[in-house]
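Colleague: I'd like to learn how to read a model like this one. Could you walk me through it, feature by feature?

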Amino acid sequence: MIHAPKVSFRPGRKLTQRFPLLWTIVQRLLLSIVLLFAVSIVIFGGVEALPGDFATTYLGQSATPQAIANIRAELGIDRPITTRYFQWLGGVLTGDFGMSWANRNSVTEQIAQRLGNSLFLAFFAAIISVPLAVGLGMVAVLFRNRLPDRIINVASLAAISLPEFFVGYLLIMWFSVQTGIAVFPATVYEGMSFLDRLSAIALPTATLVLVVLAHMMRMTRAAIINVMSSPYIETAELKGLGGLRIIAKHAAPNALAPVINVVALNLAYLIVGVVVVEVVFVYPGMGQYMVDAVSVRDMPVVQACGFIFAAIYIFLNMTADILAIIANPRLRHPR
Amino acid sequence: MTDEINFLQRRMMIGAMSRRDFLGRAMAAGATFSAASALFASSANAQEPKKGGHLRLGLKGGASTDSLDPATYTSSVMFVAGRTWGDTLVETHPTTGAPVPSLAESWEPSADALVWTFKIRKDVKFHNGDAMKVEDVVATLKRHSDEASKSGALGLLSSITGIESKGGDLLITLKEANADLPLILSDYHLLIQPNGGLDDPSAPIGTGPYKLTNFQPGVRLTFERNKDDWRSDRGYADSVEIIVMNDATARVAALSSGQVHLINSIDAKTVGLMKRAPKVEVLNTPGKGFYSFLMHCDTAPFDNNDLRLALKYAIDREAMLKQVVGGYGTIGNDYPVNENYALAPEGIEQRTYDPDKAAFHFKKSGHSGPVVLRTAESAFPGAVDAAVLFQQNAKKAGIQIDVKREPDDGYWSNVWNVQPFCASYWGARPTQDLRYSTSYASNAEWNDTRFKRPDFDKLMLQARSELDETKRKEIYRQMAVMVRDEGGLILPVFNDFLNATSKSLKGFVHDIGNDLSNGYVASRVWLDA
């Protein structure tokens, strides 16, 4: 193994050269912020470019020209786009996403609740699925090309091939309609006790676990198998180490980078991409909130949701990048 | 009516009818709700409405964009919510659609139907404990009819020029005579609020049978019974919970697992399966809404009446009824009114599928080549199938229809009322006058068939100011025939409202006014554990 030259405190060396890892992280952070700004422009512009108009859509068949004109005037939709963008951006920087056009409530307040619900569900799905996926991946490698590996592979492939709403419906049918052991619908609301909430999200969590498990599991398996062919693993085997120990202690750390990336992607999906599961289980998360807003062209809400989704993606990917750098000595000590 | 009820009673005793059906049909025959219940009690020893319990409704049609301000209500969830916490001045009879007193005890038009006097009840309290005064009523109506208002009822109230309190009565002055004013005041936006809701439009303080206790837009609403309710014949459950469920399968699953007592908007294709479930009952209520295809009378080639007639003869209404709405509906006759409207026309010959006549008119029109029909699933459930079915029907008459599928999103702004031939849905309107003035008056914003006929407009105004019902009915008949024979509307079916309940829910009233017992479902039903 090659060791990077030791860093010594010589005067005249740049700060960036003295703390390369820290500098890389700072770079990533700055890049993320720039990216977020770019995304905010794209979101604002994209939402503006959407065909359709809030006033007509919102009033539906009860719209009269008079009522439409009244709503437009009240919302000030006629002001130039740049003015509205900078006003919006100013609000966002102070944590104020403005007021929903449709129900005149603070978007920030509503999103806080919805995002809380989404995170709650994603958190429990993640703490079950991530260790399970990594564990199963290791087991699959241990029994490579033997029965347990095949079973894990086939089952996970089947789970990933079924659309998530179908998995959801199957779970509802078995556990809720036929046997009645699980709670349905999974609606959570203010004033619900923690235990009630947990039992309410049992089925959606199970669905999400089934959906994201296979992807992470297969990636873990592939990454570890890749490392297993290295000479140092052979050495470990020749030393007489146990199979599981080799995989967990020697192979897995070197296979971390791709696994971290896949886990980050799936975590992002669990937070921002589960609108179908939310609808099926009647769960009040961010996805449903955004879809509702899009269908009536409630722009402040759409923009806020889009912005937060983008921020979550960027944050998780950045974290994955940084973790991958830390996990990889070659990236940790660049020359 | 009496004969019919006797017949129903006999049917019930031989077991050919369920209690629920009996109540529904007896009410359809004109009995009042309590009379129907009493009749049932005498024939089957049924129980009286039971008080208590927690009623849970799983409803489609709510979004996180919903607001509590009645002026903004458009979704079915808010429609039901409003009827649960508030009252209007006038209600409509579930089976005849006639105006019946609510917060207004009685009313009287002037001889020319221009000035109306409403007597307002004096024994009613708002949820906040204040007595309801005429001033509150005046303020409410003023808020909704104000030109700067965003109210969904603004259009309905446009002919009102004066709203005032006079000697403790409500006095409404109109620009043009309108015999339907009481029915207009039953509109679900016009819930009476303290000071008209001017202080806080979104405060759900009303006079209704339930007080709103929690509101999470697009998720859940809860209510508790209003102990000071001024009426004793409603509000049986102790508390009501509405859960917004926009997914059809989720609604069915929630009902069959016993989590909710009632769901709305059942897919006609799955009714057969639902009927097999042991604990579930499917309820279909005839309504005033319809599925249709619209042609613009002023756009080539549809500006030719022969082409329009050809297409009207080229549609198989029976097949549409069977395949698009699963038999849950009634056949239309190319005018937008059915027998659920007061003063509905009678004795107009039913137009049927006739490929020969269609071919004849098509040839006479001189048009050749295909016509483009635009459709999308959001036009009405099954609209794409219906368009393809129409295409097949028309083929037999030698008419080629090209079905063009449009995106669901934006259908109502980009296709409907824009393209000359498209699929569309219309919901109920309280009266024939409103039905026609919304989309058949020459200057109507939503004249979605571009039907512009000064003679028709004249008839409509004449009917509106006519207080003699026989004469009015005759005018409405003439109008219907005009639209049927010369208009641009192809109306295959009026769809039923499909709801399903658990068997422990009793007393569902079929109301022709609108879906979900005209929105009154929460206060009319009771739970029988």
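Predicted model: local features only at pLDDT ≥ 70, side-chain atom pairs only at ≥ 80, totals over all residues.

Colleague: How many helices and strands does chain A have?

Modeller: Both are DSSP runs numbered from the N terminus: helices are H or I with at least four residues, strands are E with at least two. Chain A has 17 helices and 0 strands. Its C-alpha atoms fill a box of roughly 85 × 70 × 35 Å along the principal axes.

Colleague: And what share of chain A counts as buried?

Modeller: Buried means that 20 or more other C-beta atoms lie within 10 Å of the residue's own; 12 or fewer is exposed, in between is partly exposed, and C-beta atoms are placed from the backbone. Of the 335 residues in chain A, 36% are buried.

Colleague: Which residues have the most contacts inside the largest nonpolar core?

Modeller: In soluble globular proteins, nonpolar side chains tend to be buried together. A nonpolar core here is a set of buried Ala, Val, Leu, Ile, Met, Phe, Trp, Tyr and Cys residues joined through C-beta atoms within 7 Å. The largest one has 161 residues, and those with the most contacts inside it include A:Met216, A:Cys305 and B:Val80. Helix 6 (residues 107-142) of chain A gives the largest share, 14 residues. On the chain B side, domain 2 (87-197) and domain 3 (210-286 + 497-527) both contribute, so the core lies between them; those bounds come from an automatic or database domain assignment.

Colleague: What does A:Met216 touch?

Modeller: Contact means C-beta atoms, placed from the backbone, within 7 Å. Leaving out residues up to four places away in sequence, A:Met216 touches A:Ser129, A:Val130, A:Ala133, A:Val262, A:Val263 and A:Asn266.

Colleague: How many residues does each chain bring to the contact between A and B?

Modeller: Chain B brings 34 residues and chain A brings 39. Helix 7 of chain B gives the most to its side, with 5 residues.

Colleague: Now the sheet: what is its strand order?

Modeller: Strands pair if DSSP finds at least two bridges between them. Chain B has an open sheet of 7 strands, ordered 8-9-10-1-11-19-12, with mixed pairing. Strand 8 (210-216) and strand 12 (280-285) are the edges, each pairing on one side only. Strand 9 (residues 220-225) and strand 10 (residues 239-244) run antiparallel, joined by 5 bridges, and B:Phe223 has B:Val240 as its bridge partner in strand 10.

Colleague: Where are the cis peptide bonds?

Modeller: One runs from A:Phe184 to A:Pro185, with omega near -5°; A:Pro185 is in the loop between helix 8 (164-178) and helix 9 (194-200) of chain A. Another joins B:Ala300 and B:Pro301, with omega about 0°.

Colleague: Is B:Leu516 buried or exposed?

Modeller: B:Leu516 counts as buried, with 26 C-beta neighbours inside 10 Å. Its phi is near 55°, a positive value in a residue other than glycine, and B:Leu516 sits in helix 17 (residues 515-518) of chain B. B:Ala113 also has a positive phi, near 60°, but B:Ala113 is partly exposed, with 18 other C-beta atoms within 10 Å.

Conventions:
Residues numbered from 1 in each chain as written. Chains lettered and ligands numbered in written order. Contact = placed C-beta atoms within 7 Å.
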